[in-house]
There are 2 protein chains.
Amino acid sequence: MHTPGPSLPPETPDSGGDSRDARRADFVAATLACLAEYGYQGTTVRRIAERAGVAPGLLTHYFSGKDALVAAAYRTLGGRFSRHFDEQIAAAGKDPKARLAAFIRASFRSPNLDPDLLKVWVNFWSLIVNDPEIRRIHAENYADYRTRVAGLVEAVMASEDRQVARRDLEMLAIGISALLDGLWLELCLDQSVFDTASGEQIALEMIATRIGVPIP
Amino acid sequence: MHTPGPSLPPETPDSGGDSRDARRADFVAATLACLAEYGYQGTTVRRIAERAGVAPGLLTHYFSGKDALVAAAYRTLGGRFSRHFDEQIAAAGKDPKARLAAFIRASFRSPNLDPDLLKVWVNFWSLIVNDPEIRRIHAENYADYRTRVAGLVEAVMASEDRQVARRDLEMLAIGISALLDGLWLELCLDQSVFDTASGEQIALEMIATRIGVPIP
DNA sequence: CCCGGCATTGTACACTTGTACAACAAGCTA
DNA sequence: TAGCTTGTTGTACAAGTGTACAATGCCGGG
């Protein structure tokens, strides 16, 4: 799957080389695939290695251990989501309402709502509770998320000549992200009750009425 | 902790006796305690037995295996929550708005928001994804939950002489339960961002504006 | 009083887990 | 080509997993 040899020797001590990062990315990809298919319980070092097409022992050569690999996978997935949101918002142009709508819709469209990714995400949620490192990453992700939501809402309000107190904006952001998380969660646990299109509509309506501004 | 001997021999084949149920309840309690303290990973048969003050081998005498015990624990916890909701709603009297408010408030008050119980709940969420039996139980719980929410909202609307289509009511119930679940989730993952009082307020405001009726 | 049937114990078993490590392969420098 | 570094393998190891089971204790009914 990969040419084994490194093309260049490490130049600086910390930038461990490009091929090394690519190999680490392979491990992360294999880990996410295993989490999606087998859950955290079934995501063993051996299965990850098998998925990556390498020997189990190689893991400790690229990561300090399984925990570090899982944390890296969580970081990667969070970054991927974040980038997806940024892209969709940017693609919506400059109108604040369109940007908020694009963000909400992005929460229910690929690659975010790939059922496999949802399963992975729920697994990470359960890890947050007990693993301090994963919790630290979550705290960052969640803070970024709330900041993003608050910014989008603030822009919409400003465009309507309405001022919102900072604290109200924060509460609003918590409520909106909770709604999206909750819809996401249930959609992940059981996709037979409602589908992504319904989830999108529910979120749009609830958020629009809450901030008192119709969203296109 | 328990008198070991059975007080009465089994009368009928299926009602296996009272003491037997009590013993099973002990196991369930120990399992929930372990889930809260160590997470699912750390909830081993040996630790459960230690918590219950019995030998590990006794588990298979009361349950077909660890999976069955965990499923029983999930069922127990869901039932406990459900009962808590019923009580709080009933205690609120007959006014539909007061009843809805009581339900929302109950979501953020003891025993529901005991941090330990939240940790347990998140662990179960991650199990739903991969365990069919747990998923089945969740489907029941979630259906009951939505029915309850829909009923409360419908009563409020009726008291305001407003009719809501069945499908709109269902979507409303999904949105409200998603909001509550999302707030619950974040409150569980990281209690430093907002507290239960804020969560309660956010939920009340968001739901009240959504259904267009102020909630006391 | 003894005895049959439970509840309960402690342990053994087969298996899986994450990690460590000696050995081999392969390319670059000199 | 020799030597060195690095990637990679396969396996071994200790620890821990859920479960099965013979043995023990203890009670109530005859």
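This is a predicted model: local features need pLDDT of at least 70, side-chain atom pairs count only at pLDDT 80 or more; totals for chains, interfaces and linings use all residues.
**Figure 1. Overall view of chain A, built from helices.** Chain A holds 9 helices and 0 strands. Read from the N terminus, the order of its elements is α-α-α-α-α-α-α-α-α. The C-alpha trace of chain A spans about 60 × 45 × 30 Å along its principal axes. Of the 216 residues in chain A, 35% are buried. Considering contacts in chain A between residues at least 6 apart in sequence, 56% join residues at least 24 apart.

Figure 2. An unreviewed UniProt entry places the feature "domain: HTH tetR-type" at residues 21–81 of chain A. Over this span the chain is 82% helix and 0% strand. The C-alpha atoms at the ends of residues 21–81 are 20 Å apart. The annotation "DNA-binding region", also from an unreviewed UniProt entry, covers residues 44–63 of chain A. Residues 44–63 are 60% helix and 0% strand, with end C-alpha atoms 14 Å apart.

**Figure 3. Packing of helix H5 against helix H9 in chain A.** Helix H5 takes in residues 96–106 of chain A, and helix H9 takes in residues 196–211 of chain A. The two helices pack at an angle of about 145°, and their axes are 9 Å apart. The crossing of H5(A) with H9(A) is right-handed. On the H5(A) side the contact involves A:Ala101, A:Ile104 and A:Arg105. On the H9(A) side their partners are A:Glu200, A:Ala203, A:Leu204 and A:Ile207. By type, the residues of this contact are 5 nonpolar, no polar and 2 charged.

**Figure 4. The contact between chain A and chain B.** Chain B contributes 32 residues to the contact, and chain A contributes 32 residues. On the side of chain B that touches chain A, the elements giving two or more residues are helices H1 (18–42), H6 (115–130), H7 (132–159), H8 (166–189) and H9 (196–211) of chain B. H8(B) gives the most to this side, with 11 residues. The residues on this side of chain B comprise 18 nonpolar, 9 polar and 5 charged. The copies meet through the same surface, because 100% of the interface residues of chain B are also interface residues in chain A.

**Figure 5. How the two copies are related.** Two copies of a chain are related by a rotation about an axis and a shift along it. Here, chain B is superposed on chain A by a rotation of 180° with 0.0 Å of shift along the axis, and the RMSD is 0.0 Å. The two copies are therefore related as by a two-fold rotation axis.

**Figure 6. Surroundings of A:Arg23 in chain A.** A:Arg23 is located in helix H1 (residues 18–42) of chain A. A:Arg23 counts as buried because it has 20 C-beta neighbours inside 10 Å, and the cut-off for a buried residue is 20 or more. Between the C-alpha atoms of A:Arg23 and A:Ala101 the separation is 38 Å, and these residues are 78 apart along the chain. A:Ala101 is one of the residues through which H5(A) meets H9(A).

**Figure 7. Surroundings of B:Glu50 in chain B.** B:Glu50 is part of helix H2 (residues 45–52) of chain B. With 14 C-beta neighbours inside 10 Å, B:Glu50 counts as partly exposed. B:Ala30 is 20 residues from B:Glu50 in sequence. In space, the two residues are 8.5 Å apart, C-alpha to C-alpha.

Note on methods: Residues are numbered from 1 along each chain as its sequence is written. Chains are lettered from A and ligands numbered from 1 in the order in which they are written. Axes are lines fitted to C-alpha atoms, for helices over the stretch in contact, and angles run from 0 to 180 degrees between N-to-C directions. Helices (H or I, at least four residues) and strands (E, at least two) are DSSP runs, numbered from the N terminus. A crossing is left-handed if the near helix is turned anticlockwise from the far one by less than a right angle, and right-handed if clockwise. Two residues are in contact if their C-beta atoms, placed from the backbone, lie within 7 Å. Ala, Val, Leu, Ile, Met, Phe, Trp, Tyr, Cys and Pro count as nonpolar, Asp, Glu, Lys and Arg as charged, and the others, Gly among them, as polar. UniProt positions are given in the numbering used here, feature names are shortened, and annotations may be inferred rather than shown by experiment. A residue is buried if 20 or more other C-beta atoms lie within 10 Å of its own, exposed if 12 or fewer, and partly exposed in between; C-beta atoms are placed from the backbone. Copies are superposed by least squares on the C-alpha atoms of residues with pLDDT of at least 70 in both.
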